[in-house]
Amino acid sequence: MQVFQQVIQWFVDLGASVMLPIIFLVFGLILRIKPGKAFKSALTIGIGFIGLNLVIGLLTDNLGPAAEAMVDNYNLSLQTIDVGWPAASAIAYGTLLGSMAIIVGILVNVVLLLFGLTKTLNVDIWNFWHIAFTGSIVYAATASFALGIFTMITHSMLLYFMADKSAIYVQEYYQLPNMSFPHGSSTPGFLLALPLNWAFDRIPGLNKINISPELVQKRFGVFGDTTVLGFIIGIIIGLLAGYDVNNTLNLGVATGAVMLLMPRMVALLMEGLTPISEAASSWVQKRFPGKELYIGMDSALAVGQSSVLSASLLLVPIALLLAVILPGNTVLPLGDLATIPFMICLMAAVFKGDIFRTVIGGALYIVTTLYVASWAAPLITKSAVASNFDLGGNSSISVLSDGGAWTTILFSGLGKTWLGIGFIFVVVLFALIYQSKIKGSKKIES
């Protein structure tokens, strides 16, 4: 078992930029793509992810210090630190139970595909850390290894259900044919966005507001350009952080660069994905006429969209303000401020790119995540200690994205027992069965 854990850990430590090219190369060869073409596509995918991570790193490196400066500038003091998703993934994969998440996720996917209960073939293996995270929290709360495994199985099923449900939005709004996002940080926001969008459509006055990047650029000319808009938002964040002129201008240029470079990195990633996606679609149509198959991918493919980035940058100071004014909140958002695009990308698709709705919906979502992350902090801290994670001198840590997702409280709060997780399992199973019986896909309104 120790050797098995070491092998899995070695594969995990390769990171998404290496794991995914290997997976896609094998996948492409299985689909009978010419070896040279399959290799180039796989390599381009890896390069795309490296480029995407560099841009996200640029955003993180600049937003992090700005957020800390805002905290110091306004004397914000909260007892729990948001350590961000990199720390959360290390905590999740840092135990024997967590290292089994990849096997669990693949087996669940294969079984659901065989029984026709999902259309998503998930190749985003590295992001199985999301189910490892909930499994580890349940294990920390109950000391039951088996219940932790059952939690990961149930969480996997829920992610595949939500991936299939949101696929039409991913494909039509983001123009990503035959793809879905079984992503643990993004799908929770999708289910919240559906009732919010219904409510927004029925509130007089609010239902007339539609602020899209295209409208902003049309109304404000060069000042509405996404790159210039990013620069302006960066300047505003710099002023709120109390930066001097030099640092404020540098932050503005950095955020403008993110707005320009992120879509180009996503385009590079898509260049590598397109041949494999087309081959997969062709393979399915030949052998299973009329059957749909989605390639499950990282929602990083959507975070470069201008509505997502614009709303995310606006939500940074809003998240810090909410953390201070919400009674009972103990979490100071820091590490996951740069992860907000992942949290709201499916919300933006439901809102059809309306920046106003995305900011309002995103702010409401952040309210819930702060409370859930505050509640989950003791369990997350306990899981971190169990995985030998360095707390950096902090006595209490949490994670805004996954730690604050409603899936966390669903499994480790309302669930947390065999009866509770079993009930969730049955509900999700019936939801998958019901969804599999629905013929065709209803297009979203343009």
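Residues are numbered from 1 along each chain as its sequence is written. Because the model is predicted, local features need pLDDT of at least 70 and side-chain atom pairs count only at pLDDT 80 or more, while totals for chains, interfaces and linings use all residues; side-chain values use heavy atoms, with hydrogens and water left out.

Helices (H or I, at least four residues) and strands (E, at least two) are DSSP runs, numbered from the N terminus. Helix H11 covers residues 226-240, which is 15 residues. The expected span of a helix is 1.5 Å times one less than its number of residues. For H11 this gives 21 Å, and the end C-alpha atoms are 21 Å apart, which agrees. Buried residues (under 20% relative accessible area; exposed is over 50% and partly exposed in between, with a 1.4 Å probe and protein chains only) in H11 are Leu229, Gly230, Ile233, Gly234, Ile235, Ile237 and Gly238. Their cover includes helix H3 (35-73), helix H12 (245-287) and helix H13 (306-325), where contact means heavy atoms within 4.5 Å. Just after H11, Gly242 takes a positive phi of about 80°.

Helix H17 (residues 418-437) has 20 residues and should span 28 Å; its end C-alpha atoms are 29 Å apart, which agrees. In H17 the buried residues are Gly420, Ile421, Gly422, Ile424, Val428, Leu432 and Gln435. These pack against H6, helix H8 (145-173) and helix H16 (406-415).

Strands pair if DSSP finds at least two bridges between them. Three strands form an open sheet in the order S5-S1-S6, with parallel pairing. Its edge strands, S5 (331-332) and S6 (397-398), each pair on one side only. Strand S1 (residues 80-82) pairs with S5 in the parallel sense over two bridges, and Thr80 stands opposite Val331 in S5.

Pockets and cavities were found on a 1 Å grid over the protein atoms alone: a cavity is a set of points where a 1.4 Å probe fits but cannot get out, and a pocket is an open set with protein on both sides within 12 Å along at least five of seven lines; lining residues have an atom within 4 Å of a point. Grid points are joined across faces, edges and corners, and a volume is the space filled by probe spheres set on the points.

The second largest pocket has a volume of about 620 Å³. It is lined by 21 residues, and the closest to its centre are Phe27, Leu113, Leu121, Trp283 and Leu293. Helix H2 (16-30), helix H6 (101-114), strand S2 (120-122) and H12 each give two or more residues to this lining; H6 gives the largest share, five residues. The lining divides into 17 nonpolar, three polar and one charged, where Ala, Val, Leu, Ile, Met, Phe, Trp, Tyr, Cys and Pro count as nonpolar, Asp, Glu, Lys and Arg as charged, and the others, Gly among them, as polar.

There are three cavities of 30 Å³ or more. The largest cavity has a volume of about 80 Å³. Its lining consists of Asn122, Asp124, Asn127, Phe128, Ile131, Ser156, Leu159, Tyr160 and Pro182, with the largest share, three residues, from H8.
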